[in-house]
Amino acid sequence: MKRMSKTMALSALVPLCALILGILVTSIFIFLAGTSPLSAFEVLISGAFGTTGKVWPLLITLGQATPLILTGLAAMYSFRVGVFCIAQEGQYVFGAITAAWLGVALNLPPFLHVLVVLAASMVVGGIYGLIPAWLKVKLGVNEIISSIMLNSIAALVLEYMVAFPLRADQGQKAQSAVLDRAIWLPQFVQGSRWGISFVIAITLVVISYLYIWKTPKGYELRMVGQSARFARYGGVKADPTILQTLFLSGMIAGLAGSMEILGNYHRIMTGFSSGLGFDGLSVALLGQSHPLGVVIVAILLAGIRQGAQLGLQINLHVPRELGGVLIAMVILFIAAENVYRPYLEKLYDKIHAPKKELDHV
Amino acid sequence: MFEFLSLFNVNVINSSIRLATPIVLAALGAAMCNKAGVLNLAIDGKMLIGAFTGIVATYFFRNFTQVGIAHPILATYLGVLTAMVVGGLFGLFFAWMHIKYKVDLVILAIAINMLALEVTVYLMRVLFKQAGTWSDPSIVQLPSITVGWIAAIPFFGSFLTGYNMIVYVSWILAVVLSIMMYKTRFGRHIQAVGENIEAAKAAGISVQRVQYFALVFSGVLAGMAGSFLSVGHLTLFTRNMSNGRGWIGNAAALFGFNSAPGSFFAALFFGFADGIALRLQNVTDLPPYIVQLMPNILTIVILAFVSYRAKLRELKRTQQ
Amino acid sequence: MENAVTFNSISKYFASTHVQANQDVSFSIKKGEIHAICGENGAGKSTLMNILFGIEKPDTGTIEVNGEICEFHAPFDAIAKGIGMVHQHFKVVNSFSVTKNILLGIEKGPWGFTNAKKEREFVQQLSEKYSLPIDPDQIVGTLPVGLLQRVEILKMLAREVSILILDEPTAVLTPQEVKPFLQTLRTLAKNGQTILFISHKLQEVLDVADRVTVMKKGSVVGTKSTEDTTIKELATMMVGREVVFTVDKEPAVPKATVLEVKELSVINPLGVKVLKNVTFQVKAGEIYGLAGVSGNGQEALVSALCGLEKASEGSILLEGEDITRSDVLERKNLGLAHVPEDRINVGLNLQTTVKENVLMGFQRNKRFKKRLFLDQEICESHARNIIEQYAVAGASVNGEVGKLSGGNMQKIVLGRELTSEPKLLIVNQPTRGLDVGSIEFVHKMLIQQRDAGVAIIVVSVELEEILSLSDRVGVLCAGILQGELTGDQIDEKNIGLLMVGGTLDETNE
């Protein structure tokens, strides 16, 4: 019992320690910008999770977290089946392109229109997810490198689509036409970006948890991820499982892109994704590939980005890239947990050792 | 019928070789790491860091040191050297983390790639108050060196000379590494470590030394490749300047089966794909995005081919 | 005679696994002798050898080599003192030639460069000197196991060692390779090498060693001269009680045919026909032993029977039903169970719990489902039943399988496969790497299942195992079922003949 609680305490302590170390190192960069780290983090936090003003920053953060939760969930599926696919960004972009195109091109009753658009972008995202999976399973292509290439391809296709086929006017900015209001996904508070998509994302998180840990198919998925030969021996068809799971993962990322278009931007423009899909990967990594972790980390990361943009850059003129620096630092320290883990263990033992003696007395 | 030949002229070949140089350096480093069994997926990030430190150091030496004020070109060479040292230090950090603390190299690489992208822009904004691109008129580009007797060789001469130092270094390295891998003890030790760590250890080879060398070496090369972008090819720094070249270098290493000559020619091939794409953009109406897609798609197609062959090879080995 | 190595009260404790691997071990090895070290798995033999070779450091105690107290920090130090070790799992670089492997780390050539010609000559001279013939240019990945071992031995001899440690050298060899190997050991000893070898095959030990030291639970039980001891005595020393070497069993009472294989062929992914027109039957209540040198089609046959690999021709009938095209789960549901050769990578998933390991293969079974979900309670009680019924020591429902010993891991695999009450049980190398106690247990289990009316196929490269368990024996050679033996025909001579491609008719002549 004692041992169990120790491992549990450490699995919470390690990310916390990584966060603190990340903040410390990032403070050096804030100094460089000529600002006091304390006030910077204060501004960052209030810009991220504040509950004041017409539209609460917290709600905007929740809105921003929505696509992150979904791309994080998508990455989680991929990791769980043992494939390190990081093409969520590409899937997300393709989902968005599909939504922006079909949202204008089709003429259907609104409710049906939304469903068709969402379904179509999920299929497109799923197919894009199948590419690295198929390449890995059939040909043995390293999925990390193919994913990176697929992400670049998606970014270039996006530039092409908004510059030519989908371009609305010959104005300065390359962007598509605005969608009809009837198919916009509702937001709970106008201007917060926090809306029905968030509810859908959370629902998917719960379903994913149940699917992966409580159903036969989820069991097979995890076994393929942990030991493909064991799974094959036990009658699990590993290759189809990987393909199905990556299709599912692509669908979720595609849905994220689609809901951003329908619920948030209402059109697609150049530079639309700006690395959001890559954040999905970080979310899954930091969230220990667990749905609950994904939600918590997604909100945290969205908050950091949001606070860096709305708080730091606007109020203190600290560049918003600081948010990204902080996130990268936290990932770095999570990766490097072996360096400080022994100290944490010692610390834990020290705190608990005197108690033990008391127990004996 | 031979219209497409007009695509190739001396300019295209020269520019292709220049475009290939950072990929060559990345690929040589990646191949070395793969041979030594330490997957290095942070080359792109290290290249970006190299590009930034290269130009910043050049700027510093040019304007704030006696030597630089007197000899602007020397300042640029010092900038390149600084980028190499910084790249090497990042490689050292990687090696230390992986060998001493068993840190996962893939996750570490993801963190470093992301950090490089964000930190360079952040520092550009903080130090130079620029958001997208930074340049300074005082910075002198790495000079091109034309060797007279090579240029005099008919037909080939014009392709083989007229580049800056880094291009020549990348060629020399390809040759030196080829010899090292196949003709020296250390080269053999690297191969042994990459193929079977236990066998190498049992034979008394210091696995750590080999892995440290590979990671530091590829870091130095990535730093040099980065400085080639910012002070060799152009004299400016832009956000995400490496733009996936490091990753293409990784792919080229795999394409060349991780051998030094193989990765060198694979990287050249990618450089030519880039060069021809640029040329196509000039002489045809194709939208630039479509042309830019080609190296990416090519990478995937080639990887598919190469991986399938490697997979069959592995199968053959295990079935015996 | 002088002593080559003396252990002075060596102790070693592994804190991470709470194992006292060596406890006050003292004995000595004479110069030029062949000294065997015997003991069950976990007796501490390998740890002791690792200490001697500098891989591990002892907590207390000293080692004397040629009368001099030595302290080794790494294998490098041990080699410098003339101690070489050949590990059970060969440490070779497959893509390198024999020469490059032998000289890895001690390459010949000036200024860091290598000189291919010089190296080749050196290896040729070495192989002649010790009469261990080998082709210096052959790529090591293409060598058979016996020659690989020779490469490893030459690698040590090239480093001019005088004391050679061999960790279970015969475990990887086929029966035909063992005899010449033992001859090699004698030759080496004659040439002045001191040889220390670990084994738990007692017959071998008596055949080749001069003296033998038996270890148990980290301590030395005793050292005997092989001239004054017997297998029985050594076994009793090892286990601490009398061991039954022959498996007690009644004659089989075969009933209806369960498995019928007709003209079965398998083509591997490289297009090679690895199994050629194999036909045989297995009846309920009998054990069908499948013998053969490893790599002669056993893998393909087992994979084809279990549905892991496609049959290119022929058919498989289970209780009259054609299952040639069925997948793994369908065959499982029809009553086929399979204990695979590699229990660590294939039979189990060491990263997860006992509960999830024993679910494999039944995850889609109605019994374990509650509507769309897995019924956690039933899964847990299923795991608990297996742990209790097979007395799996140290296991708990939600505990990791990876922490169990080899024997207990095999119990989990057997338990899982037997709870489905199979009609046909295929076991591949069921006791590989297990200690004497666990082997006894597994063999008893198999006989018990046979008597309960299960049709059993035992695939093994251990002749003794085939001989003691089988009611009928089939022998595979180069993908062909070379012959079948029943009753009195089953003996070492006949099986050996079929294994190398001979026919029984020749023996009758």
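In strand β13 of chain C, residues C:I287, C:G289 and C:A291 point one way while C:Y288 and C:L290 point the other way, and all are buried. Buried here means under 20% relative accessible area, exposed means over 50%, and partly exposed lies in between, with a 1.4 Å probe and protein chains only. The model is predicted, so local features need pLDDT of at least 70 and side-chain atom pairs count only at pLDDT 80 or more, while totals for chains, interfaces and linings use all residues. Residues are numbered from 1 along each chain as its sequence is written, chains are lettered from A and ligands numbered from 1 in the order in which they are written, and side-chain values use heavy atoms, with hydrogens and water left out.

Strand β13(C) spans residues 287-291, and five of its five residues are buried. Helices (H or I, at least four residues) and strands (E, at least two) are DSSP runs, numbered from the N terminus. Two strands pair if DSSP finds at least two bridges between them. By that rule β13(C) runs parallel to strand β20 (residues 455-459) of chain C, to which four bridges join it; C:I287 has C:I456 as its bridge partner in β20(C). Strand β21 (residues 472-477) of chain C also pairs with β13(C) in the parallel sense, over four bridges, and there C:L290 has C:G474 as its bridge partner.

The next topic is nonpolar packing. In soluble globular proteins, nonpolar side chains tend to be buried together. A nonpolar core is a set of buried Ala, Val, Leu, Ile, Met, Phe, Trp, Tyr and Cys residues joined through side-chain atoms within 4.5 Å. The largest core has 262 residues, of which A:F84, A:I268 and C:L425 touch the most other members. Helix α5 (residues 105-128) of chain B gives the most to this core, with 17 residues. Contact means heavy atoms within 4.5 Å. Neighbours within four places in sequence aside, the contacts of A:I268 include A:A96, A:I97, A:A100, A:L158 and A:V162, and also the polar residues A:Q175 and A:S176. Another core, of 46 residues, lies apart from the largest one, and among its members are C:V140, C:V161, C:A209 and C:L234.

Aromatic rings come next. Rings of Phe, Tyr and Trp (its six-membered ring) pair if their centres lie within 6.5 Å; planes under 30 degrees apart count as stacked, over 60 as edge-to-face and the rest as tilted. This rule gives 28 aromatic pairs over all chains. One of them is the tilted pair of A:F94 and A:Y128, at 4.4 Å centre to centre with 40 degrees between the planes. Because A:F94 lies in helix α4 (residues 88-105) of chain A and A:Y128 in helix α5 (residues 110-139) of chain A, the pair ties together parts that are 34 residues apart in sequence. Both A:F94 and A:Y128 are buried. In chain B, B:Y59 and B:F64 form an edge-to-face pair, 6.2 Å centre to centre with 75 degrees between the planes. B:F64 counts as exposed, at 55% relative accessibility. Ring pairs link B:Y59 and B:F64 into a cluster with B:F60, B:F61, B:F128 and B:W134.

Some rings also carry a charge. A charge sits over a ring if NZ of Lys or CZ of Arg is within 6 Å of the ring centre and within 35 degrees of the ring normal. The charged end of C:K332 sits over the ring of A:Y233, 5.2 Å from its centre. Within chain C, the charged end of C:K411 sits over the ring of C:F441, at 4.6 Å from the centre.

Most residues other than glycine have a negative phi, and most peptide bonds are trans. A:S289 has a positive phi near 55 degrees; A:S289 is in the loop between α11 (276-286) and α12 (291-316) of chain A and counts as buried, at 12% relative accessibility. C:E160 also has a positive phi, of about 55 degrees, and lies in the loop between α5 (145-158) and β7 (163-167) of chain C. C:E160 is exposed, with a relative accessible area of 68%.

A further loop, between α11 (343-347) and α12 (354-359) of chain C, holds C:N349. C:N349 is buried, with a relative accessible area of 1%. Neighbours within four places in sequence aside, C:N349 is in contact with A:M223, A:Q226, A:S227, A:F230 and C:N357. The C-alpha atoms of C:N349 and C:G402 are separated by 7.9 Å, although the two are 53 residues apart along the chain.
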